[in-house]
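Work through the exercises below with the sequence and the model open. Each task is followed by its solution.

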Amino acid sequence: MRSFQRTTGLAIAAALFAAAPFLTAQAQQQHAHVHGQLKLDVAVDGPTVVIDMESPLDNIVGFERAPRTDAEKKLVEEAVAQLRAADKLFIVDPAANCKLGPVDLRSGALGLGNPDPAEPVGHADLDATFSFNCTNATAAKFIDLNLFGAFKGLRQIDSQIATAQGQFKRQLKRPAGAQATQPVRLSWGK
């Protein structure tokens with residue numbers, strides 16, 4: 001039943017995104033690979049908050065290939081551990097009372113999950129889906145993101161949010177100086 005709810009929720013979220021007029025231009029650039037930029041799609045549906053992330057691997061580990069040295073392997077292990085502890089990177093509005101659920105990481109270069117077979121050679125990505133199970137997901141009005149502090153190569157987050165209240169588009173830039181290590185709030189609503 002839970003799998004059906006998740007699949008149904010994702011289908012509804014996908015339909016909301018497909019209906020949003022701002023997606024037309026983005027659909028044409030779906031596989032754009034821009035260093036420093038990360039894409040987040042957030043769907044608040046039923047009892048879940050689902051975050052889909054697409055990023056050039058360079059943003060996360062500083063290179064776009066399989067790790068070659070022990071230092072690079074250690075860097076990848078640390079980044080994967082950070083991503084698996086997604087409740088530290090994505091702090092959902094406490095009003096929603098969410099707990100981290102399944103985390104799905106995909107990268108051909110790192111041998112994670114089922115990566116996109118259309119990924120161009122030499123421009124590896126890391127894609128992920130983070131699911132949060134909530135007692136009151138619709139109460140969520142923001143997510144505090146610790147991505148800039150965790151990943152030094154990240155300069156910009158382009159986000160689309162789909163909720164029962166509507167669709168929203170947000171762009172967040174890396175804060176300057178000491179602020180770069182602080183959480184940045186991704187908020188939505190009217």
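**Exercise 1.** Decide whether Phe 130 is buried or exposed, then find its aromatic partner.

Solution. Phe 130 has 0% relative accessibility and therefore counts as buried (buried is under 20% relative accessible area, exposed over 50%, partly exposed in between, with a 1.4 Å probe and protein chains only). This is a predicted model, in which local features need pLDDT of at least 70 and side-chain atom pairs pLDDT 80 or more, while totals for chains, interfaces and linings use all residues. Residues are numbered from 1 along each chain as its sequence is written, and side-chain values use heavy atoms, without hydrogens and water.

Next, search for ring pairs (Phe, Tyr and the six-membered ring of Trp, centres within 6.5 Å; planes under 30 degrees apart are stacked, over 60 edge-to-face, the rest tilted). The centres of Phe 90 and Phe 130 are 4.8 Å apart with planes at 45°, so the pair is tilted. Phe 90 belongs to strand β3 (residues 90-92) and Phe 130 to strand β5 (residues 125-134), so the pair ties together parts 40 residues apart in sequence. Strands are DSSP runs of E, at least two residues, numbered from the N terminus. Phe 90 is also buried, at 1%.

**Exercise 2.** Which cysteines form a disulfide?

Solution. Apply the cut-off, sulfur atoms within 2.5 Å. The structure holds one disulfide: Cys 98 and Cys 134, with sulfur atoms 2.0 Å apart. The angle about the S-S bond is 100°, and the link is right-handed. Cys 98 lies in strand β4 (residues 98-106) and Cys 134 in strand β5, so the pair ties together parts 36 residues apart in sequence. Cys 134 is buried at 9% relative accessibility.

Note on methods: Helix = DSSP H or I, 4+ residues; strand = E, 2+ residues; numbered from the N terminus.
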